[in-house]
Number of protein chains: 4
Amino acid sequence: MKQAGEIIIKDLNSLKEVLKQKAKKYKYLPQIGRTHGVHAEPITLGLKFANWYDETTRNIERMKYAIDVASVGMISGAVGTYSYLSPKIEEYVCKKLKLKTPKITSQIISRDIHCQYINTIAIIGASLEKFALEIRHLQRTEVLELEESFTKGQKGSSAMPHKKNPITAEQICGLARILRANSIPALENVALWHERDISHSSAERVILPDSTILLDYTLNKLTNLIKNIVINKDNISNNLKLTKGLYNSQYIMLKLTEKGLTREDAYKIVQEIAMNCWKMNIDFRNEVMNNKLIKKYLTIKEIDEIFDLKRFFTNVDYIFSRLKL
Amino acid sequence: MKQAGEIIIKDLNSLKEVLKQKAKKYKYLPQIGRTHGVHAEPITLGLKFANWYDETTRNIERMKYAIDVASVGMISGAVGTYSYLSPKIEEYVCKKLKLKTPKITSQIISRDIHCQYINTIAIIGASLEKFALEIRHLQRTEVLELEESFTKGQKGSSAMPHKKNPITAEQICGLARILRANSIPALENVALWHERDISHSSAERVILPDSTILLDYTLNKLTNLIKNIVINKDNISNNLKLTKGLYNSQYIMLKLTEKGLTREDAYKIVQEIAMNCWKMNIDFRNEVMNNKLIKKYLTIKEIDEIFDLKRFFTNVDYIFSRLKL
Amino acid sequence: MKQAGEIIIKDLNSLKEVLKQKAKKYKYLPQIGRTHGVHAEPITLGLKFANWYDETTRNIERMKYAIDVASVGMISGAVGTYSYLSPKIEEYVCKKLKLKTPKITSQIISRDIHCQYINTIAIIGASLEKFALEIRHLQRTEVLELEESFTKGQKGSSAMPHKKNPITAEQICGLARILRANSIPALENVALWHERDISHSSAERVILPDSTILLDYTLNKLTNLIKNIVINKDNISNNLKLTKGLYNSQYIMLKLTEKGLTREDAYKIVQEIAMNCWKMNIDFRNEVMNNKLIKKYLTIKEIDEIFDLKRFFTNVDYIFSRLKL
Amino acid sequence: MKQAGEIIIKDLNSLKEVLKQKAKKYKYLPQIGRTHGVHAEPITLGLKFANWYDETTRNIERMKYAIDVASVGMISGAVGTYSYLSPKIEEYVCKKLKLKTPKITSQIISRDIHCQYINTIAIIGASLEKFALEIRHLQRTEVLELEESFTKGQKGSSAMPHKKNPITAEQICGLARILRANSIPALENVALWHERDISHSSAERVILPDSTILLDYTLNKLTNLIKNIVINKDNISNNLKLTKGLYNSQYIMLKLTEKGLTREDAYKIVQEIAMNCWKMNIDFRNEVMNNKLIKKYLTIKEIDEIFDLKRFFTNVDYIFSRLKL
């Protein structure tokens, strides 16, 4: 478990490094932010990667903790009393093996320790599922902002030659389900009988190798996927414009209230314009510019400032500095 | 989550304190150790409690870690960009609330954080299930070493007036299943869409209160159960003698090899005697004493030393010192 | 469980009826079919509903089976031997209650029966999650083919007045996680000790009401959602055209092979044209029409037939007749 | 899935046959019934096996249902519309393969079908866990009523030659955890995107072979275990007498009420005697015989009838006839 854990930490650090690079590279690439699958307000693509970077950092800490707890050895005899062998021998051997000595055992090391390890892997799996799911969403035909890179000679669908499917991201989502499921036997293995029953053993022979190997595999797959991901800047830009500026509605409303309108009145004015734009599929900025009521409160310069996309990214630097990126 | 966590930490400390007292009180009370549900070699009842004490200590550390990770607040706007409000305000408010400021968020705090919290509760639940399961085992009619204490006037079965059932321990085992199950939605809530979808919300409204309240309830139940547990010393002593000394067979075998016999020969000699005692239900020590072959190698004094129960507990002090108990 | 089950069957029949209506209404409304989130070949919206209709029919059968198995009563005494009361009384009482008499019990009815019931609810929950997930996908801004209907006066986001989120569908996805999780304690409750231990009881007090009530709630929510769903035919039509006819590539290839080309050659020719159209965002049909090689094998009439959208729906009637729709 | 299912049905029938034989063989062998792990009233060992026989019969029905639902094939094209191939071909091929034709598919057969199959295996696994757990309980040293048979030459513990552990039963309990866990990915695989995403595939490559192979293995292990189980009749008889007749207390109480005492008074009288016997570890029958109050109401002949063990088994024949055993 210690050795497998060390490989996983290495994998996680590779993923973190790739996410760092992507976060920095796309720090200022505007992209529409989406909540409920619906356009909300702009973010930058770099912020998305930075968020995953931060989550990966937490996962590294969790995994290190789980490995540390699991890095124990024992030679304490049939029921943990060291009846025939001094605890000093255990201490000597564990030191040689760079393992800690447990404070107390029964015939075995308590399975809460193995459980924490397997469940930490399940949490990391859930994070990978999150990242992979996002890529799948962003690769759907109508969005197509990101794409899994095709290696030379790789075929897509045999029927539609242009069809490229996010199959690696889908595979990662599927395997995360296996990692998640393994947390249940790990939890059930804790409550053994007396000084030990061996029911945990057959289950551990499945879940310990499966969870460690699958996480290693999945981490490598995802790191490569992200390293080579294709970024379709045109689509990102086009999607951002899809609602023709409607994502500025909140800010106009706030500005109108600064000028003395009640929030209620401001909301009503902006809502009417926004609804109309949405229905007619026309440009929000134009309608705002031409609205007599709004012009009473806001100058053209002020409206220009409101519709300046950069305004949304004022604090990107600050966020990145928090992350030391 | 922070506040609920603090109550849980308090509960865990109470449990730990009770386990400490029981461990110390029964430090030298001999009890048969069991593996596979079958008698193995003697332990002391104090060691059993000490093992739970140690596991509870690990659970406190895990829970503190989970609370620490979860003790974050955020005011970062619709997609986490602080478009209308400075991150300084977030920092100010979080400080007031004694929460940390997250480095980065989307519309919400990443759900790996909530997942760690719920899964930590599931692990603690599994430990409580372990302790409660042990009590159920030790209260079964044929064993009856421990018993849930009856409050004055409490009735057992209406049919058999003497029948006392370990219903609290059984209840704890059942509720641990709920805590365990809740780890699955917590893991599934991590992979949300884009800057947030709200699918996690309806699930969290169930699992966050259920897991925290049930763990608090279960911890209190178990702590009281253990605090007032009835220890049937006679039964503990009688069960220890059930196999009429057979648990000393390993040590005799080892002593014979020290005297020059091969392990193979020693095993064969001891096995024959042991098998016979087991079948005939006769005293192992007598048979050893009267065995001509053994008498060639071991003096009566040496045999007496082998059959001295205290020998098994040579390292109990050392184990307790490791635990600082 | 029987009574709750009957309510659920009624709910399922309501859902089935709504799905039937939608399937028939949109039987011939062309919509792009998607695999891997990527455009594949056309289906009709009615087929999608028909598929859900079929799945719901299976769920009704499963639920009826689970209710039937669970509709048993018992009065068999402390350990199932009818020591003080004749089994005839059990039979009489069960008949009055319209329950079956079990063939044999211990103190309790075996928990595999309750487990089947709870796990069937989990499967139904997973189906509802599937339908709700589809609606969420089809409501995303870039797709916007379906929309949860807004009741009069319902507000969307306070910031972006036009923003309508699929919150009911999201809620259903979240609650399906709870239904799924409850299958684990139900499975763990089967293996009780001897003639019964009571560990299942505390867990069942949570999962039986939670699963039945949540499924009832979720079924009603989803049935209403689908009944009132807004169908944006323009968007459905526009999305279908998004790849400018590329979904016909497979059929052209097949037609070319009918005319004597090897599949390899046909694939190569079509792939080249398709790739070019995809890159340049130009109309696939035009390119096919103007391709000299293809014109050698296919007449304009034949190409027209290939590009006739109706061709994809030749067997829709047959599928519906299989479903008796 | 169909073929694997048929092997499992065969396995289940073998188990059922062995349980039938054991049920009939031990139909009248008295054994103490236990609830909460505490002695309750007598059953027969045959009743225990008969209960498992009944549960296995239900599992066969469940599995047949799951196999029947899963025995479908499909050749319906990229999105289920049979665009290039008539549904008649699908029907022809499926008939040849002895599979049913589905009424409707997307690119794939809906995963609720696979889910039912894997979850049915999980339920069967839970039943096997129940049977194996019972054997483990009955093999514990203090009980030792049943024992896994040792093959010639099989060693127990290397330290204690007589120590025989129920390792097969423990292994079955462990593997049931894997079968149970696999139900979660199966449930998560239902909600795929649109006409199919491939996330289910990587998970199914693990859970479909693992669950079917492990269930086959576990069924064979358990069937052999039960076929060759060692029945220690002396221990069964001794354990039955452990409470020195206290399990008759309910019946005496009922008899006293028949004679005109209020239930309250009868309970009080019997309780006092029972408590005293329990504390003093003396024979309940003697105390009843010598109790002046009781002698006022019950003749010696009546008391003899009450203490006749056979009384508990009056309805065993009837139960067996319900099971057609």
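# Close-up views of a predicted model

**View 1. Glu129(B) is buried, at a relative accessible area of 10%, and pairs with Arg180(B) in a salt bridge.** Throughout these legends, buried stands for under 20% relative accessible area, exposed for over 50% and partly exposed for what lies in between (1.4 Å probe, protein chains only). This is a predicted model, in which local features need pLDDT of at least 70 and side-chain atom pairs count only at pLDDT 80 or more, whereas totals for chains, interfaces and linings use all residues. Residues are numbered from 1 along each chain as its sequence is written, chains are lettered from A and ligands numbered from 1 in the order in which they are written, and side-chain values use heavy atoms, with hydrogens and water left out. The side chains of Arg180(B) and Glu129(B) meet at 3.0 Å, N to O, a salt bridge being a side-chain nitrogen of Lys or Arg within 4 Å of a carboxyl oxygen of Asp or Glu. Because Arg180(B) belongs to helix 5 (residues 167-181) and Glu129(B) to helix 4 (residues 112-139) of chain B, the pair ties together parts that are 51 residues apart in sequence; helices (H or I, at least four residues) and strands (E, at least two) are DSSP runs, numbered from the N terminus. Arg180(B) is likewise buried, at 2% relative accessibility.

**View 2. Chain D meets chain B through 44 residues on each side.** Contact here means heavy atoms within 4.5 Å. Between them the two chains bury about 3900 Å², 61% of it on carbon and sulfur atoms, this area being the accessible area (1.4 Å probe) that two parts lose on being put together, summed over both. Two salt bridges are counted between chain D and chain B, including that of Arg34(B) with Glu142(D), at 2.6 Å, N to O. Of the elements of chain D, helix 10 gives the most to the side that touches chain B, with six residues. The residues of that side divide into 18 nonpolar, 16 polar and 10 charged, where Ala, Val, Leu, Ile, Met, Phe, Trp, Tyr, Cys and Pro count as nonpolar, Asp, Glu, Lys and Arg as charged, and the others, Gly among them, as polar.

**View 3. Arg322(D) and Glu91(C) form a salt bridge of 2.9 Å, N to O.** The pair crosses between chains, from helix 14 (residues 316-322) of chain D to helix 3 (residues 87-96) of chain C. Arg322(D) is buried, with a relative accessible area of 13%, whereas Glu91(C) is partly exposed, at 24%.

**View 4. Asn59(D) lies in helix 2 (residues 45-70) of chain D.** This residue is buried, with a relative accessible area of 2%. Beyond its neighbours within four places in sequence, Asn59(D) is in contact with Leu12(D), Ile123(D), Ile124(D) and Ser127(D).

**View 5. His194(B) and Lys324(B) are non-glycine residues with a positive phi, of about 45 degrees for His194(B) and about 55 degrees for Lys324(B).** His194(B) sits in the loop between helix 6 (183-188) and helix 7 (199-227) of chain B, and counts as buried at 8% relative accessibility. Lys324(B), by contrast, is found in the segment after helix 14 (316-322) of chain B and counts as exposed at 74% relative accessibility.
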